[in-house]
Amino acid sequence: MADIGGALGIRGPSLYKHVSSKQDVLAQIMIDTMNALIHDQQAALAAAHDPGRRLRRVVEAHVHYHATHRHEAFVGNREISSLEPRHRRRVRALRGSYERAFRAVIDEGCRSGQFTVASAQLASFAIVDMGIGVAAWFRTGGEHSADEIAHIYADHALRIVGARPRAARPRAARSRPGREDRG
């Protein structure tokens, strides 16, 4: 609380005038993170109708969020056991809804014959976990941009479900204009 207060230019204990507890601050960070992920996920799902493209879009949104909101994502994924039961239930419900949307796309792709997996649930767990890990290691200015990582991870996700990813774009075409890659 002292660090948060310091960042805001007030004393740590003064924060309790605005929040009831550290627990509520942690819960709100995690709930806001899940709501942002769900919002991005829904926009990605609405952007395509084909299961392969829907999976690509939703994975790209998932990975991009974890790369560009590393601190929130890291807290959201590592501190769930620190939550009081009532907050933990709420966050787990949001996480369950988020994962089930991945699973629904995978089920849709299996029904259409585009995907072949023994378990859509296990495939969705693998894909979600793969993207979550990005928050732990991604650094802006590294070898790949967040967009490149999102694209590559979407290719991996399509392979997990037994689909063929589209041909890779040349590296120069993936780089953002005005951004110098470090290699």
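Modeller: From the N terminus on, the elements of the protein chain run α-α-α-α-α-α-α-α-α, which comes to nine helices and zero strands. Helices (H or I, at least four residues) and strands (E, at least two) are DSSP runs, numbered from the N terminus. The model is a predicted one, in which local features need pLDDT of at least 70 and side-chain atom pairs count only at pLDDT 80 or more, while totals for chains, interfaces and linings use all residues. Residues are numbered from 1 along each chain as its sequence is written, and side-chain values use heavy atoms, with hydrogens and water left out.

Biologist: What makes α2 and α5 roughly parallel to each other?

Modeller: The axes of helix α2 (residues 22-46) and helix α5 (residues 85-112) come within 10 Å and cross at roughly 15°. Such axes are lines fitted to C-alpha atoms, for helices over the stretch in contact, and the angles run from 0 to 180 degrees between N-to-C directions. Angles under 35 degrees count as roughly parallel, over 145 as roughly antiparallel, 65 to 115 as roughly perpendicular and the rest as oblique, and α2 and α5 are therefore roughly parallel.

Biologist: Is the crossing of α2 and α5 left-handed or right-handed, and which residues make the contact?

Modeller: The crossing of α2 and α5 is left-handed, a word used if the near helix is turned anticlockwise from the far one by less than a right angle, whereas clockwise makes a crossing right-handed. The contact (heavy atoms within 4.5 Å) involves residues including Ala27, Met30, Met34 and Leu37 of α2 and Val91, Leu94, Tyr98 and Phe102 of α5. By class, the residues of this contact divide into 13 nonpolar, four polar and four charged, where Ala, Val, Leu, Ile, Met, Phe, Trp, Tyr, Cys and Pro count as nonpolar, Asp, Glu, Lys and Arg as charged, and the others, Gly among them, as polar.

Biologist: How do you know whether α6 is roughly parallel or antiparallel to α8?

Modeller: The axes of helix α6 (residues 120-132) and helix α8 (residues 146-160) come within 10 Å and cross at roughly 165°. That angle makes α6 roughly antiparallel to α8, and the crossing of α6 and α8 is right-handed. Ala123, Ala126, Ile127, Met130 and Gly131 of α6 make the contact with Tyr153, His156, Ala157 and Ile160 of α8, which by class has seven nonpolar, two polar and no charged residues.

Biologist: Which residues of α3 and α6 meet?

Modeller: The axes of helix α3 (residues 51-68) and α6 come within 8 Å and cross at roughly 30°. Leu55, Val59, His62, Val63 and His66 in α3 meet Ile127, Val128, Gly131 and Ile132 in α6.

Biologist: Why does His66 count as buried?

Modeller: The word buried means under 20% relative accessible area, with exposed over 50% and partly exposed in between (1.4 Å probe, protein chains only). At 1% relative accessibility, His66 counts as buried. Not counting residues up to four places away in sequence, His66 touches Leu37, Ala73, Asn77, Gly131, Ile132, Val134 and Ala135. His62, which lies in helix α3 as well, is also buried at 1% relative accessibility.

Biologist: What links the side chain of Asn77 to the side chain of His66?

Modeller: The two side chains make a polar contact at 3.5 Å. A polar contact is a pair of N or O atoms within 3.5 Å; within protein, one must be able to donate a hydrogen and the other to accept it, and residues adjacent in sequence count only if both atoms are side-chain atoms. Asn77 is found in helix α4 (residues 70-78), and its side chain also reaches the backbone oxygen of Ala73 at 2.8 Å.

Biologist: Why is Asn77 called buried?

Modeller: Asn77 has 18% relative accessibility, and so it counts as buried.

Biologist: What makes Leu83 buried, given that it is found in the loop between α4 and α5?

Modeller: Leu83 has a relative accessible area of 1%, so it is buried. Leaving out residues up to four places away in sequence, Leu83 touches Gln23, Leu26, Ala27, Met30, Arg88 and Val91. Across the protein chain, buried residues make up 41% of the 183 residues.
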